[in-house]
Amino acid sequence: MTTAKDSSGIDLDIKDAVEGYERFRLEFERDRTFFKNLATKKQKPKLLWIGCCDSRVVPSQITSADPGELFEVRNIANCVPPSWAGDDTVGAAIEYALAHLGVDDIVVCGHSGCGGIQALAEPIPPDQEAHLGRWVEYTRRAHELVAAARVPEPERINATIKAHVQFQLDNLMTYEIVAKGVAEGRVGVHGWLYDMELGEIQAYDPKTGAWRGLLESVGAA
């Protein structure tokens with residue numbers, strides 16, 4: 001595959017990023033005070049957002065969040081490895097957010113059509129994609145649960161995505177700082193699912209095991 005270039009030989013993807021940076025610089029100059037405050041004051045995000053790194057799912061866009069409002073962890077299939085898994089990336093972010101930034105809500109957000117969930121259903125070449133193969137093993141429990149429940153094929157992927165979010169909420173509770181915060185009523189954990197085609201979020205209700213619209217869920221709380 002060759003890289004697309006313009007008539008002067010510049011990579012078009014890089015050119016697009018540079019042009020985007022130019023637009024950002026104009027925005028920065030227009031709101032210099034806001035950005036200076038971000039840089040000089042300690043960050044105080046409202047949420048720890050653990051989501052998929054899918055380029056089509058942008059947390060700040062979905063929530064209309066300004067810079068400084070979301071502390072984000074994004075990885076393939078919005079995974080939360082359990083505390084004993086030996087992967088410190090997510091665990092370090094969880095501990096930093098709760099212990100040092102004062103975050104008191106954690107959102108694990110999956111999304112429709114997640115390629116990371118679907119990846120486990122296809123052969124992954126170990127010689128070329130060993131890291132991916134090991135990572136998507138974190139989705140296996142959801143696949144096994146849905147298969148055991150004999151969910152019809154058309155509904156299987158969506159059901160697996162939802163089950164995976166629920167398992168990640170369980171994994172969050174393996175971190176002492178989360179479990180203690182939840183037990184003391186200081187920390188809330190939330191499972192969400194973003195539908196890319198509809199632009200809607202569903203929220204998981206752990207009391208009933210049901211999923212319902214986020215606005216409906218908040219209104220009923």
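Two strands count as paired if DSSP finds at least two bridges between them. In this predicted model, strand β4 (residues 188-195) and strand β5 (residues 200-205) meet that criterion, pairing in the antiparallel sense over 4 bridges. Both strands belong to an open sheet of 6 strands with mixed pairing, in the order β2-β1-β3-β4-β5-β6.

**Sheet**
- The edges of the sheet are β2 (70-75) and β6 (210-213); each has a single partner strand, so one side of each lacks a neighbour in the sheet.
- From one strand to the next, the twist averages 25°.
- Within the pairing of β4 and β5, L193 has Q202 of β5 as its bridge partner.

**Helices on the sheet**
- Helix α4 (residues 88-100) packs on the sheet and touches β1 (47-52), β2 and β3 (105-111); its direction makes about 170° with that of β2.
- Helix α8 (residues 153-172) lies across β1, β3, β4, β5 and β6, and runs at about 160° to β4.

**Salt bridges**
- The structure holds 8 salt bridges, including one between E29 and R32, whose closest N and O atoms are 2.6 Å apart.
- E29 is partly exposed at 40% relative accessibility, and R32 is partly exposed at 42%.
- Salt bridges with shared partners join R25, E29 and R32 into one network.
- K46 forms a salt bridge with E69, with the closest N and O atoms 3.5 Å apart.
- Because K46 lies in the loop between α2 (32-40) and β1, and E69 in the loop between α3 (59-63) and β2, this pair ties together parts that are 23 residues apart in sequence.
- K46 is exposed at 53% relative accessibility, whereas E69 is partly exposed at 21%.
- D54 forms a salt bridge with R56 at 2.7 Å between the closest N and O atoms; D54 counts as buried, at 13% relative accessibility.

Methods
Residues numbered from 1 in each chain as written. Predicted model: local features only at pLDDT ≥ 70, side-chain atom pairs only at ≥ 80, totals over all residues. Heavy atoms only, no water. Helix = DSSP H or I, 4+ residues; strand = E, 2+ residues; numbered from the N terminus. Axes fitted to C-alpha atoms, helices over the stretch in contact; angles between N-to-C directions. Contact = heavy atoms within 4.5 Å. Salt bridge = Lys/Arg side-chain N within 4 Å of Asp/Glu carboxyl O. Buried < 20%, exposed > 50% of the residue type's maximum accessible area, 1.4 Å probe, protein only.
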